[in-house]
Amino acid sequence: MSIITVKTVEDYEKIIGTNEVAVLLFSADWADQCKQVGDVMEDLGKLFGDKLRFGKIIAEDFPEISMKHQASEIHNCNNLLKSIAVDRVDGVNIAALTAKCKNLGATVTSDIPLEERLKTLINKAPLMIFMKGARDAPRCGFSKQLIAIVTETGLPYETFDILTDEEVRQGLKTYSDWPTYPQVYVKGELVGGLDIIKELQANNELEKTLRGE
């Protein structure tokens, strides 16, 4: 899930008016550090978008909201978690922001049945990869090899870090009857793991398969 840019008060109310935890970035267009934080939040949205909501507010455009959340010092790129603040990060502290989102994502209990969650994640993009770590920072050798192969095809894809969600990590093994990671899905169907991807590559069938043809 990408960051929702708040353009109206109604947009803001939609973000905080749900049962989900909201992570809000109060920013300024002229501040380079805000863009840096925004880029990180885009990545966090892809990781935790099924549990957390991410929004960006241009502080100068919404002074009342900014003051309500004590974000008047917009150069600090303040972040507010939830409509009643449960935590915050001031300044460009990427490590702290990432850690807090991980902790919040781990503690949020979803009312959605696991099987439904898995179906949603599998179909989040036409080409989905469930791996250990993120595409830019794989956390196992198999995931690193697979990402390198798929990236070389030039096809767009999304990834999900199974280390951030133990329920998904264990549940997907049973759901797809595939006990190891990484796992590659095309249009909601399991293709396989690293060995299958290597085999398809050797047979010049990889790009066709990953396109779902």
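Two strands pair if DSSP finds at least two bridges between them, and strands (E, at least two residues) and helices (H or I, at least four) are DSSP runs numbered from the N terminus. Welcome to a predicted model, where local features need pLDDT of at least 70, side-chain atom pairs count only at pLDDT 80 or more, and totals for chains, interfaces and linings use all residues. Residues are numbered from 1 along each chain as its sequence is written, and side-chain values use heavy atoms, with hydrogens and water left out.

**Strand E2 and its partner**
- E2 and E3 pair in the parallel sense over seven bridges.
- Across this pairing, Arg-53 in E3 is the bridge partner of Ala-22.
- Seven of the seven residues of E2 are buried, so E2 is largely enclosed by the rest of the structure; buried means under 20% relative accessible area, exposed over 50%, and partly exposed in between (1.4 Å probe, protein chains only).
- Val-21, Val-23, Leu-25 and Ser-27 lie on one side of E2, with Ala-22, Leu-24 and Phe-26 on the other.

**Helix H1**
- In H1 (residues 9-16), the buried residues are Tyr-12, Ile-15 and Ile-16.
- They cover an arc of only 85° around the axis, which puts them on the same side of H1; the arc is that of the directions from the helix axis to the C-beta atoms.
- These buried residues pack against strands E1 (4-5), E2 (21-27) and E3 (52-58) and helix H3 (63-68), where contact means heavy atoms within 4.5 Å.

**The four-stranded sheet**
- An open sheet with mixed pairing runs in the order E9-E6-E10-E11.
- Its edge strands, E9 (158-161) and E11 (189-192), each pair on one side only.
- E6 (residues 127-131) pairs with E9 in the parallel sense over four bridges, and Met-131 stands opposite Asp-161 in E9.
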